[in-house]
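Okay, thanks for making time, everyone.

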Amino acid sequence: MATSKRCNVSSENLTVNDVKTPKIDINSKVDMIIQSKKHANDVFDVLEYLQSEKEKNVVCAINGCTKLFSTLLERGDLYVGQLPKEELLIGGDRSADEKYCMFMRHRYNGCLELLLEHISHESYQIKESVLCALMQFASMEGKFPLQDMDWSEHYSFPRELIQAVVERLLSQEEDMALLISRFQEYLDMEDVRYYVMSSVRANVGRVMDKTKGAVMPIYQNNVFTLLSNINMPSQESELTNYLVKQEAKHEDWKAAKLKEHKRAFERLWLGFLKYKLPSSMYKKVLVILHDSILPHISNPTLMIDFLTAAYDVGGAISLLALNGLFVLIHQHNLDYPDFYKKLYSLLEPSVFHVKYRARFFHLANLFLSSTHLPVYLVAAFAKRLSRLALTAPPAALLMVLPFICNLIRRHPACRVLIHRPSAADEVCDDPYLMEEEDPSQCHALESSLWELQTLQKHYHPDVAKAAMAINKPLSQQEDDISELLELSTYELMERDLKHKQSKTVPLEFDPATQLLQGSGGVGVLGLNFSLE
């Protein structure tokens, strides 16, 4: 066992020359430790730099530790198996080499603890260096395991180290979004992705159960950031990138099977979404749900509880929940009770001003495209949209008016709303009940779309022209509203400003032909005057 005198180096005891050359000092000590076991005690000096208050010293120490312990792992100089307590190294009949391996294994464990603590360091450079070092150690531990392979079905992968990294990334006090985005490079590796998903699921269950499901904005945002950075493969042949390549029975490894990846992915998301989320996070989840989550879940109908909860929140969140419900209803035959009743209740004045207006009307158009819908239901939607149109902005009206006309085209029985003979000359109360939430009880079929005739006097000429479409028999061909869904007020104004006048504007009704001639005299301005 090495008996060289330990040299304690701390940030307080460093001389001026030492402060200027910490990198040289660390590198020289690391090289001496690697070259000779008699310099083993110098490892304390290297680890001391990890606790320095200077950022450069810590970064240099991280790089030095990475080089040192990676070399020791590759060389087999770290003890393999259940590590005895360090106090037991003094006595016993163990050989010097075995004691050295145990000694360095304890130093390695101490190094890992310091590195894991630095994941929450205030300096991002230190955080990034620590993350890269830990993943380097994970790769080396996979190639040179520190645990005995005590059964044939065991695969060498540093699960405990990955789990510790995940636990630090999912901080409850600090936003780790930037470091998690750096971690995405490793999430693209099949085995890392698989074990990270398992670790996150276990962590979420433990943390949320401990807090009894209370909303934890910082923690849940870190979890979502990590989950949203997981890119799932779509085919088995895509599973080719591994941090640790298993030499034997690689094809039987769970991390090498797409089916197991999807199962872990499904359990992860269901375990995360079963708890109450911050209101802002519902939007983030729903935006990526139909493209990044549902396609990789074997039984998407399990998401109905989350979608129902999100749909009941109201506002923009309910609008976004429509996307997921649409996928479940049309592709997985989900029977959602009172769906159209809830869709009807979302038609409020604010629907024309929300960020996701285009997506909402796109989905509403799909839901109301069936010709088998009851007439009273389609009439209720047409009438409610007409009433809301009275206070809608011009950009929204240019989309809503063709939308209403398309509803009438699909359901000819609704033409009574624009061709009611008794409504032309008689002044009467509108039987339609705007406050009624049930479309079957709002009496829309007994009313008329007088709002469209009112909009024919709108101040914007394009709106007035669109509203006049009901004055003529509607054609069978539906209007294409896809280009109008994203139309904004700014775009509408820009279009009006670029509009060119087809005719010249007359400046004078009778142009002057003889400006300086005429009886009585003509002034320069073309006015007749007399001289007395």
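Before any counting, a salt bridge here means a side-chain nitrogen of Lys or Arg within 4 Å of a carboxyl oxygen of Asp or Glu. By that rule, the structure holds 16 salt bridges. Housekeeping next: this is a predicted model, so local features need pLDDT of at least 70 and side-chain atom pairs count only at pLDDT 80 or more, while totals for chains, interfaces and linings use all residues. Residues are numbered from 1 along each chain as its sequence is written, and side-chain values use heavy atoms, with hydrogens and water left out.

Now the overall picture. The protein chain has 21 helices and zero strands; these are DSSP runs numbered from the N terminus, H or I with at least four residues for helices, E with at least two for strands. Of its 532 residues, 48% are buried, where buried means under 20% relative accessible area, exposed means over 50%, and partly exposed is in between, with a 1.4 Å probe and protein chains only. On contacts (heavy atoms within 4.5 Å): take those between residues at least 6 apart in sequence, and 73% of them join residues at least 24 apart.

Back to the salt bridges. What does Asp430 pair with? Its partner is Lys383, at 2.9 Å from N to O. Asp430 sits in the loop between α18 (394–410) and α19 (450–454), and Lys383 in helix α17 (residues 375–389), so this pair ties together parts 47 residues apart in sequence. Is Lys383 buried or exposed? Lys383 is buried, at 0% relative accessible area, whereas Asp430 is partly exposed at 27%. There's a network here too: salt bridges link Lys383, Arg387, Asp430 and Glu451.

For a local pair, look at Glu190 and Arg193, whose side chains meet at 2.8 Å, N to O. They are three residues apart in helix α9 (residues 190–210), which means about one helical turn separates them. Both Glu190 and Arg193 are buried. Then there's Asp77 with Arg75, where the closest N and O atoms are 2.9 Å apart. Asp77 is buried at 10%, and Arg75 is partly exposed at 40%.

Let's stay with α17. Its 15 residues reach 21 Å from first C-alpha to last, close to the 21 Å expected, the expected span being 1.5 Å times one less than the number of residues. Of those 15 residues, 12 are buried, so α17 is largely enclosed by the rest of the structure. What covers them includes α15 (339–345), α16 (357–367), α18 and α19.

Last stop, the core. A nonpolar core is a set of buried Ala, Val, Leu, Ile, Met, Phe, Trp, Tyr and Cys residues joined through side-chain atoms within 4.5 Å. The largest one has 171 residues, and Phe69, Met104, Phe183, Val200 and Phe361 touch the most other members. α18 gives this core its largest share, 12 residues. As for Phe361, leaving out residues up to four places away in sequence, it touches Val351, Phe352, Leu385, Met399, Val400, Phe403 and Leu485.
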